[in-house]
Amino acid sequence: MTVRILLCDDHAVVRAGLLALLGSEPDIEVVGEAGSGEEAVAMAAKLNPDVVLMDLQLGPGIDGVEATRRIATPDVHVLVLTTYDTDADITRAIEAGATGYLLKAERPEELFAAIHSAAQGRTTLSPPVASRVMDRMRGAAGPTLTDRERDILGQLAHGLGNREIARALFISEATVKTHLGRIYAKLGVDTRAGAVAVAKEQRLLS
């Protein structure tokens, strides 16, 4: 069975590379290319592909997660292909309906296999992503944060910067930065917004 693919990535060079790569597979046909989330949603409705290869960061407009939420149906499967593998990104994509989550660092044969699996509705995760999901499930009760880390997380949620947090908690900015690094590591994120999003999701904020 030939799998019909719609590519969605905001970088033309990436799309060209994927087009050339997928063109080498006789049982995969690229039926369209989209450079934005909105374009992907419109083209998916028009072309009805078997699989949409979706990047997460798409520049202005809706992101890959929102596009996935609008596209995914029992007949159209979304396979995320991205460089981002934070817990927050993985969770949002899967909750939006993505069938699989693959990193761009994967070998071509892994991508081909994932596309065929996605076309049949089977979940495919890159090994690093699968490890994160398993770790998350094992720690379903949520990461263990110290009282000070919870205090700082609460201040983050209120939109305070490092200097304001330091003043509010009577500690130095350097101490705030140290705690933030530990918080990011425990939550599997690398931004303040990501930390707040995961904290809310896991009900770590009182």
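Me: What are the ground rules for numbering and for the values?
Reply: This is a predicted model, so local features need pLDDT of at least 70, side-chain atom pairs count only at pLDDT 80 or more, and totals for chains, interfaces and linings use all residues. Residues are numbered from 1 along each chain as its sequence is written, and side-chain values use heavy atoms, with hydrogens and water left out.

Me: Why is Ala 42 called partly exposed?
Reply: Buried means under 20% relative accessible area, exposed over 50%, and partly exposed in between (1.4 Å probe, protein chains only). Ala 42 has 48% relative accessibility, so the partly exposed label applies. Ala 42 sits in helix α2 (residues 37-47). Its C-alpha atom is separated by 42 Å from that of Asn 162, 120 residues apart along the chain.

Me: What makes a stretch count as a helix or a strand?
Reply: Both are DSSP runs, numbered from the N terminus: helices are H or I with at least four residues, strands are E with at least two. The protein chain comes to 10 helices and 6 strands.

Me: Which residues of helix α10 are buried?
Reply: In α10 (residues 192-201) they are Gly 194, Ala 195, Val 196, Val 198 and Ala 199. Arg 203 follows α10 and has a positive phi, near 55°. Across the protein chain, buried residues make up 44% of the 206 residues.

Me: Why is the pair Glu 109 and Arg 107 called a salt bridge?
Reply: A salt bridge needs a side-chain nitrogen of Lys or Arg within 4 Å of a carboxyl oxygen of Asp or Glu. The closest N and O atoms of Glu 109 and Arg 107 are 3.0 Å apart, so the pair qualifies. Glu 109 is partly exposed at 46%. Arg 107 is also partly exposed, at 46%.

Me: How do you know that Asp 151 and Arg 148 form a salt bridge?
Reply: Their N to O distance is 3.9 Å, and the pair therefore meets the cut-off. Both lie in helix α7 (residues 147-157), 3 residues apart, about one turn of the helix. Asp 151 is partly exposed at 37% relative accessibility. Arg 148 is partly exposed at 30%.

Me: Why does the pair Glu 173 and Arg 163 tie together parts of the chain?
Reply: These two form a salt bridge, with the closest N and O atoms 3.4 Å apart. Glu 173 lies in helix α9 (residues 173-187) and Arg 163 in helix α8 (residues 162-169), so the pair ties together parts that are 10 residues apart in sequence. Glu 173 is partly exposed at 32%. Arg 163 is partly exposed at 49%.

Me: How many salt bridges does the structure hold?
Reply: The structure holds 11. Asp 9, Asp 55 and Lys 104 are linked in a network of salt bridges.

Me: What makes a contact, and what share join residues at least 24 apart?
Reply: Contact means heavy atoms within 4.5 Å. Among contacts between residues at least 6 apart in sequence, 63% join residues at least 24 apart.

Me: Where does the "domain: Response regulatory" label come from?
Reply: UniProt lists it for residues 4-119, in an unreviewed entry. UniProt positions use the numbering here, feature names are shortened, and annotations may be inferred rather than shown by experiment. The end C-alpha atoms of that span lie 9 Å apart. The span is 44% helix and 22% strand.
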